[in-house]
Amino acid sequence: MKSILLIGLGRFGRHIAMKLNDLNHQIMAVDSDEERINAVLPFVTNALIGDSTNPEFLTSLGIPDYDACIVAIGDNFQNSLETAYRLKELGAQKVIARASRGVQEKFLLNNGADEVVYPEKQMAAWTAIRCTSDHILSYNELDEEYSIFELEIPEEWNGKTILQLDIRKKYGINILGIRKNGKLGMNITPDTVLDTGRSVLVLGEQEKVQKCFGI
């Protein structure tokens, strides 16, 4: 369990709070809007109404005590930038900030943020990839080259083992897991048999995955 400071409780921040709650983390939520605070109360450990650009307010939160600080402010970039800077200045262990444009990402990284998340860019990439094939069930880009895909198992693979298909040698991709009835199994061996009632989790260069699965 980690202690997380979450600043900014719009739609993006609220969804982060809900997911952190599912993962059983301790969450201190902060926003200047009382209605937003009230909306996340069921999902957070504590919540405060306050101005995250105010050094005295931030100091009162004990910033160094949190494992991570998330700046999810989406409606005022100046406040987001100033908050990230002050958090790092006050000794934050890790600052993760939201950006909605590429130039914002650069400013945040140069002013206190250790990592930047770009929801619109990430969703655009997922939508574009998803539209290329009905067989892609999920997609996660790791960097400019490598991605993790979850795909339906092709009919021509039905009944064949990992060893028989020899996917790693032929295409340079790795099978990480197989999902059946909603459950993901990671115990993959050369003798694992594939069938069309399952989906497969694969890691590899995007072009090689597309070639392997005929996307």
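Modeller: Happy to: what follows is a set of questions about how the labels on this predicted model were reached.

Biologist: Let's start with the whole chain. What makes up its secondary structure?

Modeller: The chain comes to nine helices and 11 strands.

Biologist: How do you know how the chain's radius of gyration stands against that of a compact globule of 215 residues?

Modeller: A compact globule of 215 residues would have a radius of gyration near 17 Å, whereas the chain has 21 Å. Along the principal axes, the C-alpha atoms fill a box of roughly 65 × 35 × 30 Å.

Biologist: And what share of the residues counts as buried?

Modeller: That share is 38% of the 215 residues. A residue is called buried under 20% relative accessible area.

Biologist: Good, then on to salt bridges. How many does a search of the whole structure find?

Modeller: The search finds eight.

Biologist: Why is the contact between Asp 31 and Arg 36 called a salt bridge?

Modeller: The cut-off for a side-chain nitrogen of Lys or Arg and a carboxyl oxygen of Asp or Glu is 4 Å. The closest N and O atoms of Asp 31 and Arg 36 are 3.7 Å apart, so the pair meets the 4 Å limit. Asp 31 and Arg 36 are also linked with Asp 75 in a network of salt bridges.

Biologist: Are those two partners buried or exposed, or in between?

Modeller: Asp 31 has a relative accessible area of 7%, so Asp 31 is buried. Arg 36 has 32%, so Arg 36 is partly exposed.

Biologist: What makes Glu 150 and Arg 179 a salt bridge?

Modeller: Their side chains meet at 2.7 Å, N to O, so the pair passes the 4 Å limit. Glu 150 is in strand 8 and Arg 179 in strand 9 (residues 174-180), so this pair, 29 residues apart, links distant parts of the chain.

Biologist: Why is Asp 195 called partly exposed?

Modeller: Partly exposed runs between the buried limit of 20% and the exposed limit of 50%. Asp 195 has 21% relative accessibility, so Asp 195 counts as partly exposed. Arg 198, with 25%, is partly exposed as well.

Biologist: Now the surface. What makes the patch that includes Glu 145 negative?

Modeller: Glu 141, Asp 143, Glu 144 and Glu 145 gather there, and Asp and Glu count as negative. Glu 145 is in the loop between strand 7 (136-141) and strand 8 (146-152).

Biologist: Why is Leu 163 called exposed?

Modeller: Exposed means over 50% relative accessible area, and Leu 163 has 57%, so Leu 163 is exposed. Leu 163 is in helix 7 (residues 162-165). Its C-alpha atom is 6.3 Å from that of Asp 191, 28 residues away along the chain.

Biologist: And what makes the phi of Asn 24 stand out?

Modeller: Most residues other than glycine have a negative phi. Phi of Asn 24 is near 65°, a positive value in a residue other than glycine. Asn 24 lies in the loop between helix 1 (11-22) and strand 2 (26-31), and Asn 24 is exposed because its relative accessible area is 55%.

Biologist: What is the phi of Asp 166?

Modeller: Asp 166 has a positive phi of about 50° although it is not a glycine. Asp 166 is in the loop between helix 7 and helix 8 (167-171). At 30% relative accessibility, Asp 166 counts as partly exposed.

Definitions and conventions
Residues numbered from 1 in each chain as written. Predicted model: local features only at pLDDT ≥ 70, side-chain atom pairs only at ≥ 80, totals over all residues. Heavy atoms only, no water. Patch = residues over 30% accessible without salt bridge, like charges linked within 9 Å, V, L, I, M, F, W, Y side chains within 5 Å. Areas by Shrake-Rupley, 256 points an atom, 1.4 Å probe, with all protein chains shown as cover. Charge placed at Lys NZ, Arg CZ, Asp CG, Glu CD. Helix = DSSP H or I, 4+ residues; strand = E, 2+ residues; numbered from the N terminus. Rg over C-alpha atoms; globule rule 2.2 N^0.38 Å. Buried < 20%, exposed > 50% of the residue type's maximum accessible area, 1.4 Å probe, protein only.
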